[in-house]
Amino acid sequence: LMASLWLSAGYPQEKLSSHRLRAWADFCLVHRDQLVSVLLFVQLIAGIAAASLDALFPFSSSREAAQFITEHHLEDLPIVGHRDDAASSLSGCLGRPIYYPASRRWGTFVIWNQERKEDLAPERLLQQAEELSRQRRQDALLLLNNELPVAVSGPVLLQKFTGSLCPDENYYLYLVSPPGGGRGSASPQGPGQPGANEEVCR
């Protein structure tokens with residue numbers, strides 16, 4: 001509407017066939033300055049509201065989650081992140097790849113291809129996290145953007161990170177132990193990356 005009002009000043013008027021359209025065009029022409037002022041005022045209020053929300057609340061909880069992981073010395077544990085489009089923010093904050101069960105790969109960003117499965121059952125997510133933990137012989141972190149159902153037992157909820165402006169980037173961080181409770185040292189190949197002879201979770 002703003003662009004139309006602005007462009008109308010440089011073009012000659014044409015008579016419209018529709019009475020309603022003609023009446024609306026005449027109204028806009030007569031009250032053009034007032035309409036522009038109202039639209040600009042509405043945009044000003046919306047901008048102030050958006051800036052206030054951005055100052056009071058984080059857009060994403062990824063920075064808070066990364067800080068928690070670092071402060072509690074969990075950064076060397078392998079991380080399984082789902083959904084991948086939300087978990088990739090944490091990968092950027094930590095500066096390391098994480099495992100995406102949706103596409104069965106390690107990475108720092110999302111690949112939007114047909115192999116990617118966005119909806120995975122909680123049991124399937126836990127199965128892949130436990131398998132990764134077993135392969136590494138150490139605990140693993142499971143990062144989700146929704147809470148696991150009560151019926152799913154095994155993982156320990158370490159912390160919730162909620163209150164972000166983007167609902168998809170509220171996080172729930174779980175600790176998953178290897179089946180049988182066996183734990184080992186951190187993987188010598190480096191945090192968050194599969195070893196040379198290590199099978200990726202399938």
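Student: Against which elements do the buried residues of α5 pack?

Tutor: This is a predicted model, in which local features need pLDDT of at least 70, side-chain atom pairs count only at pLDDT 80 or more, and totals for chains, interfaces and linings use all residues. Residues are numbered from 1 along each chain as its sequence is written, and side-chain values use heavy atoms, with hydrogens and water left out. Helices (H or I, at least four residues) and strands (E, at least two) are DSSP runs, numbered from the N terminus, and contact means heavy atoms within 4.5 Å. The buried residues of α5 pack against α4, β1, β2, β3, β4 and β6.

Student: Which residues of α5 are buried?

Tutor: Buried means under 20% relative accessible area, exposed over 50%, and partly exposed in between, with a 1.4 Å probe and protein chains only. In α5, the buried residues are D84, A86, A87, S88, L90, S91 and L94.

Student: Which residues touch the most other members of the largest nonpolar core?

Tutor: A nonpolar core is a set of buried Ala, Val, Leu, Ile, Met, Phe, Trp, Tyr and Cys residues joined through side-chain atoms within 4.5 Å. The largest has 19 residues, and α4 (62-71), α5 (84-94), β2 (98-100), β4 (140-144) and β6 (171-176) each give two or more residues to this core. Apart from it lies another core of 15 residues, including L125 and L142. In the largest core, the members that touch the most others are I69, I79, L90, L141, L143 and L173.

Student: How far apart are the C-alpha atoms of L173 and I69?

Tutor: L173 belongs to strand β6 and, at 0% relative accessibility, counts as buried. Neighbours within four places aside, the contacts of L173 include F68, I69, L143 and F161. Although L173 and I69 are 104 residues apart along the chain, their C-alpha atoms are separated by 9.2 Å.

Student: What kind of aromatic pair do F68 and F161 form?

Tutor: Rings of Phe, Tyr and Trp (its six-membered ring) pair if their centres lie within 6.5 Å; planes under 30 degrees apart count as stacked, over 60 as edge-to-face and the rest as tilted. F68 lies in helix α4 and F161 in strand β5 (residues 156-161), so the pair ties together parts that are 93 residues apart in sequence. F68 is buried at 12% relative accessibility, and F161 is buried at 1%. With 5.6 Å from centre to centre and 70° between the planes, the pair is edge-to-face.

Student: How many residues does helix α6 have?

Tutor: Among the elements that cover the buried residues of α6 are β1 (79-82), β3 (105-107) and β4. From its first C-alpha to its last, α6 reaches 21 Å, close to the 21 Å expected at 1.5 Å a residue; the expected span is 1.5 Å times one less than the number of residues. Helix α6 covers residues 122-136, and its number of residues is 15.

Student: What is the phi of R137?

Tutor: Most residues other than glycine have a negative phi, and most peptide bonds are trans. R137 is found in the loop between α6 and β4 and, at 62% relative accessibility, counts as exposed. R137 is not a glycine, yet its phi is positive, at about 55°.

Student: Which form does the peptide bond from H82 to R83 take, cis or trans?

Tutor: R83 lies in the loop between β1 and α5. The bond from H82 to R83 has an omega near 0°, and its form is cis.
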